[in-house]
Amino acid sequence: MSTPHTSQTAPQKLRHLISDPSHTVVAPGVYDGISARLALAQNFECLYMTGAGTAMSRLGMADLGLTTFTDMHQNAAMIASLDPSVPVIADADTGYGGPINVAHTVRGYARAGVAGLHIEDQVQEKRCGHLAGKLLVSREVFGNRLRAACKARDDSGSGIVIVARTDARAGKDAEGNGGFDEAVLRLKMAAEIGVDALFFEALQDQRECERAIAALPKLPVLLNMVPGGKTPIMTNAHAKKLGFRIVIWPTAGLEAVLPALENTYRALKEEDVVYTEGALGPGKLFEVCGLKDLMAFDESVGGNAYSGS
Ligand SMILES: C[C@](O)(C(=O)O)[C@H](CC(=O)O)C(=O)O
């Protein structure tokens, strides 16, 4: 149960990773302890806590703005604590209210050891960025959210990485502002406010990816790879070639898990039994979540609760 020591804080580590223009950070989506442990076991240098996955796994609800600060903060804190040497970028949706809520969110995530977060310009009744009919707050309100986030970052001294996300490409505000150019305008505004990275949600094709990179200020740009979503799937190597410096894969794990669980539960119902071929068994199942390390820790301090297991 050793908590790895690291001289750099999680935000410092992430800042270091995204400051290298020749490097692209790849972050698999995780949403609970098991998915985070499995991603860590593959030695990714960064994890992404998906809000959609958090809503589904913690609330059993779709990604429609139902998760509160408390839901997201608790999940992010748990995930960030598993291996503090691996930075976590966590979804922070709209920031969960007005400027003081956004600042509270940023401070809370920073205290929990989260390395970076993104704040978007959808209204509170938000939805997944790859669904149709998104409504946005005005540029002014988005600017206030981002100013609050940057001020909280600076006042806290945490250096938590603030990523500005715009949903303007596939959404519009009450005055009808939306589309590619509006997205660029909003991200330019975000850069002027002082955010650390930019997230252009729902880019529609490769040409748009190129245009976005050319039009945006020289901050690291994040690419969101959602299979079946609005942006064509590409390799991380290709995203890097296009100029993206962070690639997140929020639903990659969920896409694998959902059919696997469904098939298993269906088989149990229909066939009255599940014979899992090559079953791991409890020992190996729990080992994914540190069984041996936990027992060794107990023994190292004189405990004998698990000896002989
Ligand atoms: C990135 C995202 O905010 C997430 O919650 O992980 C989602 C992903 C999804 O719902 O597919 C988004 O793109 O809005």
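Predicted model: local features only at pLDDT ≥ 70, side-chain atom pairs only at ≥ 80, totals over all residues.
Me: Into which domains is the protein chain divided?

Reply: Domain bounds come from an automatic or database domain assignment. Here domain 1 covers 10–251 and domain 2 covers 259–300. The centres of domain 1 and domain 2, taken over C-alpha atoms, are 32 Å apart.

Me: What describes two packed helices?

Reply: The angle between their axes and the distance between the axes. Helices are DSSP runs (H or I, at least four residues), numbered from the N terminus. Axes are lines fitted to C-alpha atoms over the stretch in contact, and angles run from 0 to 180 degrees between N-to-C directions. Take H6 (residues 139–156) and H7 (residues 180–193): their axes come within 10 Å and cross at roughly 30°. H6 and H7 are therefore roughly parallel (an angle under 35 degrees).

Me: Which residues make the contact between H6 and H7?

Reply: Two residues are in contact if their C-beta atoms, placed from the backbone, lie within 7 Å. H6 contributes Arg-139, Phe-142, Gly-143, Leu-146, Arg-147 and Cys-150, and H7 contributes Arg-186, Met-189, Ala-190 and Ile-193. By class, six are nonpolar, one is polar and three are charged. Ala, Val, Leu, Ile, Met, Phe, Trp, Tyr, Cys and Pro count as nonpolar, Asp, Glu, Lys and Arg as charged, and the others, Gly among them, as polar.

Me: Are H3 and H4 roughly parallel or roughly perpendicular?

Reply: The axes of H3 (residues 51–59) and H4 come within 10 Å and cross at roughly 100°. That makes H3 roughly perpendicular to H4 (65 to 115 degrees). In this contact, Gly-51, Thr-54, Arg-58 and Leu-59 of H3 meet Asp-71, Met-72 and Asn-75 of H4. The classes are two nonpolar, three polar and two charged.

Me: How many residues surround the ligand?

Reply: A residue is near a molecule if its C-beta atom, placed from the backbone, lies within 6 Å of it. For this ligand there are 14, and the closest are Thr-50, Gly-51, Cys-128, Gly-129 and Pro-250. The shell divides into four nonpolar, eight polar and two charged residues.

Conventions: Residues numbered from 1 in each chain as written. Helix = DSSP H or I, 4+ residues; strand = E, 2+ residues; numbered from the N terminus. Parallel < 35°, antiparallel > 145°, perpendicular 65-115°, else oblique.
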